[in-house]
Amino acid sequence: MDFLLAFYPVILLVLTFVGAFLEDVCDQNDYECQHPYDITVMGHLQHRKSQQTNILRRIRQLSLLKCVKECFMTSQCTAINYRQNWDLCDVVGEITDGALVEEDGCIFSKISTWPKSFAGICTDHNCAAGQKCVKDDNGGYTCMIAYCDDLLPDIYEAVSIETFGLYKNLGTGNKFKCNEGFALVGRPFAVCTDYGKWKIMFYCIEQALYPPHDCADIPRRCGSGVYRIHPTTSAKFNVYCEMDTDNGGWTTVMICLPDIYEAVSIETFGLYKNLGTGNKFKCNEGFALVGRPFAVCTDYGKWKIIFYCIEQDCDDLLPDIYEAVSIETFGLYKNLGTGNKFKCNEGFALVGRPFAVCTDYGKWKIMFYCIEQALYPPHDCADIPRRCGSGVYRIHPTTSAKFNVYCEMDTDNGGWTVLTIHLLLAYEQNATPLYPPHDCADIPRRCGSGVYRIHPTTSAKFNVYCEMDTDNGGWTVICNVTGNAKIHKIVSSGDYQLRVDLEDFEGNAVWAKSTKFYIGDVTTNYKLEISGYVASSTAGDSLTYHTENMFSTHDRDNDKYPNSCAVNFKGAWWYQNCHHSNLNGAYLSGGMDSYADGVIWTKWKGYYYSLKSTKLMIKKL
């Protein structure tokens with residue numbers, strides 16, 4: 001008995017030590033980490049040893065135990081190096097050469113000798129190579145990119161000068177030096193970019209070829225791109241080097257300028273093609289300038305036209321405006337940027353501003369319509385005259401609620417109130433903004449598809465992708481989601497049907513219709529009620545599964561799944577456990593390797609195909 005009493009302080013000391021290190025390692029609200037299933041497994045430490053190959057991440061200012069935790073949370077980690085004097089942690093993968101090296105002040109430890117519960121909620125995570133597990137705000141976990149999974153590309157005639165070996169952290173660089181007899185061109189770093197891909201910022205060139213006179217002096221392995229050359233001792237500038245044509249080494253000196261419509265160059269001594277410079281233009285008579293009047297040869301050897309010319313008035317006839325007459329004293333006119341005023345006929349109410357405007361892009365824009373007094377204000381899109389065409393209209397589902405929605409007038413007899421619309425295409429990054437139009441319908445079709453800056457209101461301006469090659473062009477590509485609160489206000493007034501239109505990347509289109517659609521208010525977390533799938537539909541029924549379920553987002557987990565469906569499948573939807581459709585999922589361009597996290601409609605394309613476009617619309621029965 002005395003022996004047991006004497007042993008109690010030892011037990012207490014052990015428990016106190018365990019509590020102290022758990023407090024150091026675990027998050028305050030991570031129950032799994034704070035209550036490990038085996039506190040006797042403390043890790044096997046190999047002193048004066050390190051692994052200097054396959055270092056996945058190098059992290060500063062960490063304790064030994066937090067270094068262990070980082071290893072558990074990082075995919076493919078099998079061990080750690082820890083340098084106590086530096087508070088420096090290496091998260092390392094499998095040993096590739098089969099041996100450790102001697103290193104004073106370093107501790108090597110295999111992660112298999114530590115309790116997995118250090119990882120807390122991330123224990124047994126399934127994050128892919130290149131990722132780490134992170135606890136989310138909902139008590140689950142998510143995976144994020146943490147290091148470059150690919151091998152570092154070959155870097156010729158250079159060696160790393162990193163003291164403790166190469167590492168692959170996101171956003172950090174490994175320093176190199178060129179071999180003897182070679183000169184450095186660029187900055188001597190290989191960087192793991194924020195996108196998990198390596199970027200080599202330098203190359204090494206033979207001393208005899210430095211500085212390079214022209215592109216023939218650049219090693220072919222460096223690939224096509226922009227390089228700095230020194231054709232004389234006093235001249236140095238950037239040129240585009242073509243390395244993929246006819247054995248490479250070509251210095252690009254002339255690139256044809258694309259056609260520029262309705263404009264002429266005003267360069268005194270003719271067009272020139274220097275890298276990084278611009279030629280000035282002016283628009284032909286009768287045409288107005290939009291943008292800055294230059295054609296620029298970019299640093300990448302490609303022309304960039306940063307303007308276009310438009311007609312100075314509206315050449316087309318004014319479209320028919322029903323149940324309204326012009327009240328212009330001296331008749332209609334077509335000046336660019338001006339509007340003709342109208343009034344509605346007797347018995348009709350005005351919706352919008354009573355103007356027909358000739359936009360800055362030479363096209364008419366009708367800013368109003370006239371509606372029968374009995375239908376004013378419109379409750380939903382079914383009250384809008386079909387002749388007004390598809391577009392954005394203001395509806396009043398209740399006496400206190402009014403907001404804009406998209407009304408679909410060209411499908412299935414029209415009158416549909418659109419709930420969601422996905423018409424996403426690949427965005428061009430870093431596009432040059434043009435002079436601000438209202439929307440893509442104001443951009444001349446000859447300018448082609450691309451990214452343009454629009455100003456839908458005087459205070460709002462942003463870039464959109466304009467589709468000019470489909471159905472006469474002028475389409476503003478959007479992903480618009482009408483808020484659930486607004487949808488509830490619309491459907492609360494009666495019985496509504498739902499139509500879903502879907503399109504894949506091969507040009508196939510299908511649809512699905514249900515005769516009952518309703519969602520609750522915020523107190524029900526916008527619970528979905530849907531039934532009455534129409535048998536003649538062509539898409540299959542991937543929505544009825546979701547009926548009686550609440551709406552979930554990444555920060556509001558209302559599904560029946562142990563983890564968060566919204567986080568796991570990168571969407572927001574009426575998830576159950578988890579989904580048969582995921583129309584707000586990630587836009588992944590067709591066939592995909594990941595499971596069910598794209599724009600999904602399983603009854604048509606299954607879980608491994610992300611759709612090109614989707615559209616949800618409602619209409620009162």
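Biologist: What is the volume of the largest cavity?
Modeller: This is a predicted model. Its largest cavity has a volume of about 40 Å³. A search of the whole structure finds one cavity of 30 Å³ or more.

Biologist: What makes a space a cavity rather than a pocket?
Modeller: A 1.4 Å probe fits in a cavity but cannot get out, whereas a pocket is open.

Biologist: Which residues line the largest cavity?
Modeller: The lining is L498, V500, A512, K513, S514, Y533, D541, S542, L543 and W601. Two elements, β30 (496–503) and β31 (509–519), each give two or more residues to this lining. The largest share, three residues, comes from β31.

Biologist: How is the lining of the largest cavity divided by class?
Modeller: Six residues are nonpolar, two are polar and two are charged.

Biologist: Why is D501 called buried?
Modeller: The cut-off is under 20% relative accessible area. D501 has 15%, so D501 is buried. D501 lies in strand β30.

Biologist: What makes the pair D501 and R499 a polar contact?
Modeller: The limit for the N or O atoms is 3.5 Å. The side chains of D501 and R499 are joined at 3.1 Å, so the pair falls within that limit.

Biologist: What does D501 touch, leaving out residues up to four places away in sequence?
Modeller: D501 touches T411, V510, W511, S613, T614, K615 and M617.

Conventions: Residues numbered from 1 in each chain as written. Predicted model: local features only at pLDDT ≥ 70, side-chain atom pairs only at ≥ 80, totals over all residues. Heavy atoms only, no water. 1 Å grid on protein atoms, 1.4 Å probe; cavity = no way out; pocket = protein on both sides within 12 Å on 5 of 7 lines; lining within 4 Å. Points joined across faces, edges and corners; volume = space filled by probe spheres on them. Helix = DSSP H or I, 4+ residues; strand = E, 2+ residues; numbered from the N terminus. Nonpolar A, V, L, I, M, F, W, Y, C, P; charged D, E, K, R; others polar. Buried < 20%, exposed > 50% of the residue type's maximum accessible area, 1.4 Å probe, protein only. Polar contact = N/O pair within 3.5 Å; in protein donor to acceptor, adjacent residues only side chain to side chain. Contact = heavy atoms within 4.5 Å.
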